[in-house]
Amino acid sequence: MNENQELLSIESIENCPSARLLRFVGDLDSTNAEATSNRIVELLTGDVKILVADFSRLRYINSTGLGALLFVNKKVKGVGGVFKVANVNENVLEIIEIIGADQLLEIHKTLEEALASLD
């Protein structure tokens with residue numbers, strides 16, 4: 001499933017071995033939401049407990065994609081971890097707010113702000 005590989009890249013975060021940076025590119029919707037959330041949840045089987053999602057290049061999300069993110073959020077909290085979202089564009093933020101997920105997700109304006117909050 002090559003589309004999924006392009007949607008999400010996973011990187012280590014310097015000086016924070018238990019954290020991963022998730023960079024989203026393109027659209028998160030019903031065509032890739034389940035595979036994407038499964039891939040992210042797999043990260044939690046090791047020492048990883050902190051996930052920071054960079055949405056600067058996420059163009060679009062629908063309710064299915066948002067549901068997948070909320071599922072990831074729940075799983076992360078279940079292992080005592082943290083899930084942060086950063087760089088959300090207006091279109092994506094609007095959908096998050098309409099659904100009320102802004103009350104459930106920890107959203108930061110910039111990636112730097114999200115990373116700084118890890119300390």
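Biologist: Where does histidine 108 sit?

Modeller: Histidine 108 is in strand 5, residues 106-108. Keep in mind that this is a predicted model.

Biologist: Is histidine 108 buried or exposed?

Modeller: Look at the relative accessible area. Buried means under 20%. Histidine 108 has 11%, so it is buried.

Biologist: Which residues is histidine 108 in contact with, leaving aside neighbours within four places in sequence?

Modeller: They are Lys84, Val85, Ala86, Asn87, Glu113, Ala114 and Ser117. Two of these, Ala86 and Ala114, are included in a core of 9 residues.

Biologist: Next, aromatic pairs. How is a pair of aromatic rings described?

Modeller: By two things: the distance of the centres and the angle of the planes. In this structure, a search of the whole finds 1 aromatic pair. The rings belong to phenylalanine 24 and phenylalanine 55. Their centres are 5.1 Å apart and their planes stand at 85°, so the pair is edge-to-face.

Biologist: Which parts does the pair tie together?

Modeller: Phenylalanine 24 lies in strand 2 (residues 16-28) and phenylalanine 55 in strand 3 (residues 50-61). The pair therefore ties together parts that are 31 residues apart in sequence.

Biologist: Which residues of the largest nonpolar core touch the most other members?

Modeller: That core has 28 residues, and Leu22, Phe24, Leu51, Phe55 and Phe83 touch the most other members. Several elements each supply at least two residues of this core, among them strand 2, helix 2 and strand 3.

Biologist: Now helix 2. Which of its residues are buried?

Modeller: Ala33, Thr36, Ser37, Ile40, Val41 and Leu43. Look down the helix axis. The buried residues of helix 2 fall within an arc of 140°, so they line one face. The face turned away from the buried side carries the exposed residues Glu34 and Glu42.

Biologist: Last, salt bridges. How many does a search of the whole structure find?

Modeller: The search finds 4. One of them joins the side chains of aspartate 54 and arginine 23, at 2.8 Å from N to O. Aspartate 54 is in strand 3 and arginine 23 in strand 2, 31 residues apart. Aspartate 54 is buried at 4% relative accessible area, whereas arginine 23 is partly exposed at 27%.

Biologist: What about glutamate 106 and lysine 84?

Modeller: Their side chains meet in a salt bridge of 2.5 Å, N to O. Glutamate 106 is in strand 5 and lysine 84 in strand 4, 22 residues apart. Glutamate 106 is partly exposed at 32%, and lysine 84 is buried at 5%.

Note on methods. Residues are numbered from 1 along each chain as its sequence is written. This is a predicted model: local features need pLDDT of at least 70, side-chain atom pairs count only at pLDDT 80 or more; totals for chains, interfaces and linings use all residues. Side-chain values use heavy atoms; hydrogens and water are left out. Rings of Phe, Tyr and Trp (its six-membered ring) pair if their centres lie within 6.5 Å; planes under 30 degrees apart count as stacked, over 60 as edge-to-face and the rest as tilted. Helices (H or I, at least four residues) and strands (E, at least two) are DSSP runs, numbered from the N terminus. A nonpolar core is a set of buried Ala, Val, Leu, Ile, Met, Phe, Trp, Tyr and Cys residues joined through side-chain atoms within 4.5 Å. Buried means under 20% relative accessible area, exposed over 50%, partly exposed in between (1.4 Å probe, protein chains only). Contact means heavy atoms within 4.5 Å. The arc is that of the directions from the helix axis to the C-beta atoms.
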